[in-house]
Structures are given as C-alpha cells and as structure tokens.
Protein chains: 2
Amino acid sequence: MILGSFAEGHWHTPVNGRDVLDAVTGDVIAQISSEGLNFEAMMHYARNVGGPALRKMTFHQRALMIKELAIKLNEYKAEFYELSYASGCTKADTWIDVDGGFGTLFTYSSKARIELPDEPFYTEGNTEQLSRNGTFLGQHVMVPLRGVAVHINAFNFPVWGMLEKLAPTLIAGVPLIVKPASGTAYLTERVVRRMTESGILPDGAVQLVCGSVGDMFDHLTCQDSVAFTGSATTGMMLSQHPAVTKNAVRFISEQDSLNSSILGPDATPEAPEFDLFVKEVVNEMTTKAGQKCTAIRRAIVPKDLVEPVSEALKARLADVKIGNPRLKDVRMGALANMGQRREVYDRINEMAEENEILCGGTGAFDLVDADYAKGAFAAPTVMYCDKPFEKLKAHNIEAFGPVSTIMPYDTVDDAITLANMGEGSLVASLFTHDNNVARDVVMGAGAYHGRLAIINRDSAEESTGHGSPMPHLKHGGPGRAGGGEEMGGIRGVMHYMQRVAVQGSPDIITAVTNRWTKGSSEAVDTVHPFRKNFDEVELGTTLHTKARTVSMEDIEHFANYTGDTFYAHMDEEAAAANPFFGRRVAHGYLLLSFAAGLFVDPAPGPVLANYGLNDLQFMQPVYPGDTIKVRLVCKSKKGRPGQIYGEVRWDVTITNQDDDVCANYELLTLNARAE
Amino acid sequence: MILGSFAEGHWHTPVNGRDVLDAVTGDVIAQISSEGLNFEAMMHYARNVGGPALRKMTFHQRALMIKELAIKLNEYKAEFYELSYASGCTKADTWIDVDGGFGTLFTYSSKARIELPDEPFYTEGNTEQLSRNGTFLGQHVMVPLRGVAVHINAFNFPVWGMLEKLAPTLIAGVPLIVKPASGTAYLTERVVRRMTESGILPDGAVQLVCGSVGDMFDHLTCQDSVAFTGSATTGMMLSQHPAVTKNAVRFISEQDSLNSSILGPDATPEAPEFDLFVKEVVNEMTTKAGQKCTAIRRAIVPKDLVEPVSEALKARLADVKIGNPRLKDVRMGALANMGQRREVYDRINEMAEENEILCGGTGAFDLVDADYAKGAFAAPTVMYCDKPFEKLKAHNIEAFGPVSTIMPYDTVDDAITLANMGEGSLVASLFTHDNNVARDVVMGAGAYHGRLAIINRDSAEESTGHGSPMPHLKHGGPGRAGGGEEMGGIRGVMHYMQRVAVQGSPDIITAVTNRWTKGSSEAVDTVHPFRKNFDEVELGTTLHTKARTVSMEDIEHFANYTGDTFYAHMDEEAAAANPFFGRRVAHGYLLLSFAAGLFVDPAPGPVLANYGLNDLQFMQPVYPGDTIKVRLVCKSKKGRPGQIYGEVRWDVTITNQDDDVCANYELLTLNARAE
C-alpha cells in the first residue's frame, strides 16, 4: 500500500516512501511520502477553487453536505474498522475514532441548521446603539476567512481527529488541507479516498497531505489558519514560524496534558462514586492503550482512600485481557508502534525515580494471541506519588500510554491545587455527590482546565465519561495543553470566520444582516402582512392597527374570566401602594390578547400558526381608559429546506394614546411558502 | 519630573533615567527608567495579592469600582489636559484620549452590570443536553484567569490606551501591570498616581512600569496574558518569546495598519456622502497629527472622482491651522517627537518613489506660534497612487503621521480588492447611500478588517466616525493589524477569563451555575412561591397548580372578547385543513391568561409585577375539553444593588391531561427584597 496525497483535485502517488508498520505484528503495511507535492499550488487551489465554491453555499447547505458525507462514509465502516486493527486498536477503540468521527459530523450538521441562519454569514450578538437617537448603530458580523485551514493531526485518532476539525471548518465555508500523522495515515487516507469518490464536496474543499508538510508554512497568509494536535515541542516550533507570527495566522494547538481525576471526599468505598472512579481510571488507562490526549494521568485521592483505591485498581487491571485486538474478549491492544513503547518506557523509568510502581512497569508480559517482541504492547502501570507537593515528576512527565499515578490529598483545596499543578490540561474529572465540592472545584480549578467532568450516581449511566470530548463542548485547555479551543458547538465554526464590527444607520445594518433593525424604514402597503406567504413577506413589511380603548370593565371581565385577580388589577387602594403602578392597571396578558385581536387577520391564509413569543417587556402600565394600538414589523425569516412553511419573526410594539411604548416583543409565526 | 513606577504597593522612583522631551518645544520634561524594579516580585504580588482581592468581588462590584474610579479621575481632568499639551496634542486631541478613556470605563461599568450576573463567574451559552434522558449535561462557564495581565501600550494614547485594556481586565477579576510607551509615559504615570491615591482599587490590582519591562516576560505562566499595542516588529518579537509559546500565554496584538476608506460609486460631488468623505479623510489626517492606529492611510475613490476629491482635500487641508496646540484655533499639533518626524519623513520619501505628492511633503512650513526646528511638526501630506494594483508601496508602507494616499478604482469589486490589499487592517470605512454597495463591501472586505464603518447622510450627524474604536465593538484586525481583539463589550472581559466546559447532572449544573437547570430537583413547600420575597425564593422553588379544563365556550368567548377570531379557533372545517391543528384549538394567549389565573396569588405581597416573558414556545395544541395545569419553578435571581426589589426568572410549563407539554416559557417578576 503506497499512500497517496490528494492535491489540486487529483490523487498523487509518490514513487516510494518511508515504511509504516503494523502495531501488532510489526509488518510493513504502507509506504508514505509527500515528495513531489507543490504545497504552494495546493494552498492556491484551496483559496481560489475550494473557498469560492464553499462561500457560495449557506451554512445550512454546508451542514446538509457534511450530513450526506457522514451517511456516505458510514457505508464503508467495515473497511475502516479492518484497517484500524493495524494501529493496535480493539473494536471498541475504533468505535471512538470512526463512529465518534461520524457522530461529530452529524452533530455539527444538526447544530448548524438549528443555531445558524440559512445565510453565508452570521450576525453575532445584539445590535449596539452607539448614539443618542439611534441613527448610528454597531453590529458584529462573522464572515468566512478567505484562506485555507491547515490541519495537522495526531496519530491516535486518524478519523475523529480529522473530522472534528473538518466539520466546523467546512460549515464556516473554509477549505482545508489535512495532514495526518504518518504512523496511522493509512486510515485517514482511506477515508479521504471515500470522501473524494463520493463527489459530495466541492472541488478544492478538502486536500490531503500524506507525509511531511514541506514548505507549506512559508506560504501562510493573514487569511489562513493552522490547527495542530500533537506534541508540545512540535506545536511550539510551528507556532513560532515567521509566517505565522508576521501574518498573525490563527494558530490553535491541542497538546497532550497531565489530566487528572479527583475522587471526592464523600466518595468512600460504600458510595457509588468510588466504583465509578475506579472504573473510569481503568477505562482511561486501557482504551486506546492509554494513548488519548485526555487520559487520566493523575488520580487524586483522599489520603485515607489511597489503599482501597490502589487495591481496586490493581484488581480490575489484573482482569484486563491484553493482546490481539481482533479478538472479542481482548480489552486492550497495542501502542501505535515500537517507538511509542520505547518513549513510554523511558517516561515510566524517569517517573519511577520518585514514584512507586504499584503494578505494570517496563517488562515483557503475557499476551493473548500476540508477540511482545513484535507488537508494541505495554502493561497498564499504576504508580504512587506519596508527596505530590514535593515530588513533581508526576505533574510534569507524560507517559503517553496506559500509565497513571495516584496522589493523596488532605483537603478539597489541596486536591484543587494538585489538579492545577499540571499547569493547564485538557480535562479534569471529579467524582462526587456533594454539590458544594463540585462548585468549589469548578471555581478553584476551572482556570486550569478546558473541561471539568463531574460524575456521580445521578449521571453515571448516561455520562460520556472523563475522556470523551463532545462536539457540543470545547476541546482544548490552557498552558501545557496548548491554549487552543476546538469544537464547542458553533464556537468552533466561528474560529474559521472573521468577526467584523459593522457600523452604520439602521437601514444599513438591516441590509447587511438581512434582519430588520429597530429604526429602519417601514414598508407599508394595502395588503395585510398576514395575507402574504413566506416568500412574499419582506423585511420591514409593516402593519399599523386601529386603536382600542381598554376599559375598567375589560379588566374586571378578564380577571374574572381567567382567574387572574391579582390586586394590581382589582384593588385601587392596594394598587396605589405598588411602586410601579399607582392605581389599577390592565393585565399584561390582556394587552397581549387585545393586541392579537388588533393585528390578527382571521380568515384562512398563509399564516398557519403563532408558535411562540420572545423578549417580551412591559415598559409602561396601561390604565383603564387608555387607548392602545399596535405596530407589527417583519423582522426576519427562516426558511426550512424541504418544508412547506417557514418561520417569520415580527417585532410587535404596543403603544398608548401618547405614543409611549407599553410593551415590545418578538412574535413568531409559521407561514406557508409560495406553492 | 522623574517618573515613578508603582510596584508591590509602593511608588518606586529611579535615581536617574532617560530624558523625555516636549513634542512642541523640545525641552526635557521628564526622566524615565525602570531600573531597580523586581519584575518577578511584581508579578507575584499581582497574582497573590491583587488576584485574590479581585476574585472575591462580583462583576457588579468590580463594575461599580471602575465607575467610581472614572468619577474620581474626572476631578483631575484639567491636570491631565495640561500635561497632554507636551505630547503635541490639541485640546480636541486630548479629549479623545482622556475623556475617551473615562468614557470607556463608564461604558464598561454599565455594560457589565446589565449583561453580566452579580457573580464572580459567567455562565456562557445554552446548557447542552449530552444524553438521551438529560441526566448528563454540559455547560460552558467562564472563570477569571489566576494570573496577571501585562499591558504594553503605545505612545499615542497614554490614557485611553491604558483604560481600554484596564476596564475589561479588572471587570474580569484579573490584576494588571501596565507599561506605557516612554515618550508619553508622564501622562499615564500621573493618571496612575491619582488612581492609587484614591484608594478605590484593591492592593495589587494595578501596577505600573515606567521604562523597560526588563525580564518580566521570563516569568509568564499559563495563567498570565499579554496585550500589546505598538509596532509590528516589537509585537512579533514579544509573541515569539519562549515563555509565551511554551506556556500558551494569551497574547493579543494591536498593530498599526494600512486602513482605508472607500468613497462609494454613488457618492458624486452632489451627494452628501462626498463631503462627508472629504471631511473624514481630513479629520483622520489631522487629529493627533495622524498618529492614530486607525487613521485613513488609503483613500479609495472612483476613478472619475479622483480630481474633485484631490481638490477638495487640498482646499480643506490648506485651511487647517498647525502650530502651538494650546491655541484655540490651532487644529493640528505636533508629532510625539523628532524621532517620529524623521520616521514619517523616511516613509514619505519611500512612498514618493512611486506615488505623486499632491500637497505637504517633508519640508519646513509655516506654523502658528511654534518653531519647526524645535517642535516635531509635519505637514499634512496627500499622495496619489495612479496604479494601485501594480504600485504596492501605499498598501505596505505606513507613515504614522498626517499622511494619506488617494487610489482610483473602476468597480466596487476593485475597491474591495484594494481595501483588502492592506493584508489585514483595524478599520475600513465606506461612504455610500446604496445598501447594495454596503452589503457587497461587508461580505467582500469583512474578512480583512476588524471594523467597517459605513457612513452616510442618515447616520453622519450621530456617527462616531472612521477612527474611533467604541467600547461596545471589537477593536483589532487580522493580519498586519496583529490579529488581536480588544473591547467588543463583554467579549473583552471574556478574554481575561478561562472557558471551562462543565459536565454533570442537572443538579450539579444548577449548583455550579447558580441557575436552575431543567431536570434539577424541585423544592416544593406549603407556602406559595409568590408569597416569598426576593431573598426567600430559592432556585428550584416550585409550584404545581390545580388543573383547569378549557371549553369550547372559553375559546369562543375569548375570541369575541379580544377580537382574535383567527379561523383555527373559530372554524372547524378551516382548522381541519391547517397542517398543525386538525381541528379547532385554544388561543395561545388564552393559555397564557389561564395559566396566570392558575399560578397568580392575588393578594398584595412580595411579587410587585410581571414585567416580561421570554422564549415562549407553543409545543402542542390545546383542544376544547383538554385540561391544563402549570408548573412554576424559580430559575434565577438578579438583585440590583440599592434597589428595593430584584428580578426573578421562573420556568413555566403548561401541560395537558396526558402530561404533554403544551407551552414552556420564562416568566419575569419583580420581587420585593427582605426589609
């Protein structure tokens, strides 16, 4: 198998390359090299072919595209699983990588369609009034970067690692070049082959480099970005590249870190949280043979629970079957390659200088249907650091394999300090059923961790666990973890977009954002707005209703009819004592109901339903004898692809006879589309 | 005047230092040096004294603190204005710096109290449901970084430059060390003296370094941050410091850039936008003698308007009085010092190699009550670049003074390309009354600019102009502008906080965020929740109401009473044809009204008013004969300092006889506080 690169719309196969070995058998399974690629031309192709094609699409179109992609890739799952065994993965390990990757595409597709508009840009946050009379406004708008996203990935997740970066990038409308780590690139390459065969993505949207990135970094511009996952050393080197700093290229890094898990002081062996903790530490040590950036490296345990925790861990680990990952009952496979094993052993030896090895270590051991001399197997190794405030190796040395160190603590504050001594990590977890401990740990340790998973009896059954980054939440931590943020729902999409503060008159802001902004021109015509279908209604389409006087009889009638006999409506003396009213006032719900009576057009027509209401504020009381009228303006429209109706948002203002605003709200209707 | 530094709670005065000269007279006005400061100790002091004190306060307390600070500093305004003349500033120039700085404190104080909770942390975005049954949730929470913010500022805004960074930092709860540029540090030093005398800020919250930052960068940790404003060369050097990259220190840079302004194709000399444009270019050239990072360096003009624009600019500039900035009718003062003038002249000479000088240049000229040989005065210089797609100097060379280059364009697309050829800038402006041009420029140029100011006849009177960063909007641009973002309202506060993704059960999320989360435990007792005052109501306080059956008579009565005779309520046959209903349904407003009738407690009590409603969704129709009931849960509370009431948010759910949810919304009440 000679691994290809996908460049400028074509597969490029090198003449020869470096050998890539099977993690379990040590056999050569592929050759890899990026020799002969023109990196500058690839970047041009992304910017000039991929970018324009993606930017012509809306968020929703791109979201549907990646959903279609996920469905298509899913057809080849068996093939990907088969290849994945060569990296030492069990079936369960591959599930995280392959199904986890596809799941990320689905989640992003769905979130984009729910949370983003069907536009190629995003209007972020509120309109800011920058002047007294509101003729000069400010609005943040996000537009796609006009460059290429370079993704440099780690060996441990050849599929998920690619897709978790790909999903937000493509949804943003930005083309990408992905460079997988050589050791497991054969799996990434196969997935990209299936992608390109599918014809689902536009030309230039995705390119692949198998092998080194050559001089790619020299050609980075201010519109490009780099997302790196891997070692701190490489990350630091890349981030200091002159083209990166000179052009302020967005650079995010997600590096391995010394993640921790705290067993709460309440989690004695009798509490369900004790078992949950032990299970999770074992899980994180053995899944992917501990080769997860998020794995638990430090188990922080109440001093008097060190003994039972150690025993429970040893007992559970003794039951873990290690060997040929193709076998059903094998729970843990091999490290990615012999180099990784040497690396892990070196780190274990370094750590053992001040920590006690409770089980495991750096020697050969029995395997199920596998050969320790040929496959990169390592034994799960638990260490004990008796003085974690003085002996610092376990806080600073990462053995990227099935290795974890137990540390004792006295008080919750001490546990927090120990967790923070990792100087920035991707994730910490806490096993507690005590809300106060949870609160203290979030406030005390939050600044040092990208994610804090708090797990207990209430959530354990459904918990996704310590180690799993979820597409909804950010992945990445401060300091040693690289300081980057990936995913995090729509935040991850915004990383590939530029925030621009647009200033202008209300009409300008309306035109730019495609949302009617307060203060903009009204469009009044003779047809009632509710007689217009979704496609006919325009931003600014306005109705001014007739007026209606609210009488004392109306109020009393409404009170008795609905049962809302609140004193402010019913009792002149009590109402007078209320700080806001001074005398009897109409019910807010009466106003809403009368307003509807004024603006609703009763006969069957394109408005199918009022399905909601938003941001209602009562600004001024309505007193008996006051006369109200309503202005209704079309504020925004949201079409749902394939549906026979769309959502229309209306700005509704109720004013009194003095033109004071009594209430303002957003009304949501579903309107039929044009036939 | 020997400038002091404020370190570890004390003023430190160096024995001697480098001379600082008056921009206008060339006299020595101060000496500056940071010799003798212990930078590591200062950082320790910030982290261990300032940080803990600030973190004990809530956002609102910190916001009130900076408001108090602004009021206090305002008392010394005359003194600051007096000092500012020495930097070559006119009174109008100083207004931008001093009053602009105080205004930023006021705006931040107000935005923080409106948009942030009265807590020391911020709950960001929606709760994410991570599991089918909702027992495992995710929530992003922002907590203050536990380090020190290092602010390195430019010479051109000694007051605003400090305060625009200080405001969001202190509101975040993070201590800072400010290092002003030496040339105008005397003004910053005086402001910090007044700050420290006031006793308003806690110890360690603000420290000052006058002079170089010594070895400060060597001591940066993963909890620290750097915000730099200045030249690209210095910015690049600092961003590559090993401690910055190794610890992933947040580094934002705001560098001078080649900002542009586009005159729209519709803005012929007859259109109001033509004059507005000419006025703005002149303004940006002469204010602060063009020493603004945001000044217009490139004036992009329709080809056939080059002539009238050039003439109008020359005419207006000829009228600008230049000289002693203390004089009332002097519009433009001096550059910061002779070094700056030499620098500006070098750049003009370089640019003149391919651009024509229309007015100004590098020679001596007449001044009002000032001496060209002693003061750093430079003449407003307009150049013309006839082939801006080929001659690139004007896109790449920044003369940081009263210098601007006119460039012709054919089409709006060309104008966009020219604007983008600055490779990233802080701001571009556009003078047009054509909404389509505005939309095209935002979509086409947005990715290259931090801010786009679109100015026309509708907004001109209230516009804050091309050059003014507003605290509500982000300041900073991609690429050459440094890639940083400052201010931008609450975004700027979040820059000094760590985003942590918290995962856990609903009860855990409620405990951590201090907001009741759906799925959390309910607290039911015998007292009606509306009989509890603001301080008695607790998160999760719940009311389950009695049930009420909605009859056909109710619906008909409501329709006739309110006037809302929409067919879905009134006409069985028409309702049957509606895709959502199938038959006649109750009005949404009837449900809201009946719900209020069920949950309201009528007698006078602590609930003073229902002042709003939010996120109402009708999920399931209610048919005649259905029986509804309501659950009301206290979701969050927001006390307003000094007010006799606070806001309570309630989660309201209306269900039918089958426990299907018919409607869900957030109800807002104002509740009296405990006496």
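Good morning. Across the interface of chain A and chain B there are 60 residue pairs in polar contact, with both partners at pLDDT 80 or more. The model under discussion is a predicted one, and I shall begin with this interface.

Which element of chain A gives the most to the side that touches chain B? That element is strand β24, residues 607–618, with twelve residues. By class, the side of chain A that touches chain B holds 55 nonpolar, 47 polar and 21 charged residues.

Strand β24 of chain A is also joined to strand β24 of chain B, residues 607–618, by four bridges, and the two strands run antiparallel. Within this pairing, A:Leu613 stands opposite B:Leu616.

Let me turn to the extent of the interface. In total, 123 residues of chain A are in contact with 123 residues of chain B. The area buried between the two chains is about 10300 Å², and carbon and sulfur atoms give 59% of that area. On the side of chain A, the residues that lose the most area to chain B are A:Glu462, A:Tyr561 and A:Tyr589, which together account for 8% of what that side buries.

How many salt bridges are counted between chain A and chain B? The count is six. A salt bridge links the side chains of A:Glu124 and B:Arg491, with a distance of 2.8 Å from N to O.

I now move to chain A as a whole. Chain A has 675 residues, of which 64% are buried. Its secondary structure comprises 20 helices and 27 strands. Taken along the principal axes, the C-alpha atoms of chain A fill a box of roughly 90 × 60 × 45 Å. Of the contacts in chain A with a separation of 6 or more, 75% are between residues 24 or more positions apart.

With which strands does β10 of chain A pair? One partner is strand β7 of chain A, residues 149–152, which pairs with β10 in the parallel sense over four bridges. In that pairing, A:Val150 has A:Val226 as its bridge partner. Another partner is strand β11 of chain A, residues 250–255, which runs parallel to β10 and is joined to it by six bridges. There, A:Gly230 stands opposite A:Gln255.

Is B:Ser34 buried or exposed? With a relative accessible area of 8%, B:Ser34 falls under the 20% cut-off and is therefore buried. A polar atom of the B:Ser34 side chain lies 2.7 Å from the backbone oxygen of B:Ser212. Leaving aside residues up to four places away in sequence, B:Ser34 touches B:Phe39, B:Val209, B:Cys210, B:Gly211 and B:Ser212.

The other topic is helix α13 of chain B, residues 412–420. Its buried residues are B:Val412, B:Ala415, B:Ile416, B:Leu418, B:Ala419 and B:Asn420. An α-helix has 3.6 residues a turn, so residues three or four places apart point the same way. The buried residues of α13 pack against several elements of chain B, including strands β12 (260–263) and β13 (298–302) and helix α14 (435–445).

Thank you for your attention.

Technical notes
Residues are numbered from 1 along each chain as its sequence is written. Chains are lettered from A and ligands numbered from 1 in the order in which they are written. This is a predicted model: local features need pLDDT of at least 70, side-chain atom pairs count only at pLDDT 80 or more; totals for chains, interfaces and linings use all residues. Side-chain values use heavy atoms; hydrogens and water are left out. Contact means heavy atoms within 4.5 Å. Buried area is the accessible area (1.4 Å probe) that two parts lose on being put together, summed over both. A salt bridge is a side-chain nitrogen of Lys or Arg within 4 Å of a carboxyl oxygen of Asp or Glu. A polar contact is a pair of N or O atoms within 3.5 Å; within protein, one must be able to donate a hydrogen and the other to accept it, and residues adjacent in sequence count only if both atoms are side-chain atoms. Ala, Val, Leu, Ile, Met, Phe, Trp, Tyr, Cys and Pro count as nonpolar, Asp, Glu, Lys and Arg as charged, and the others, Gly among them, as polar. Two strands pair if DSSP finds at least two bridges between them. Buried means under 20% relative accessible area, exposed over 50%, partly exposed in between (1.4 Å probe, protein chains only).
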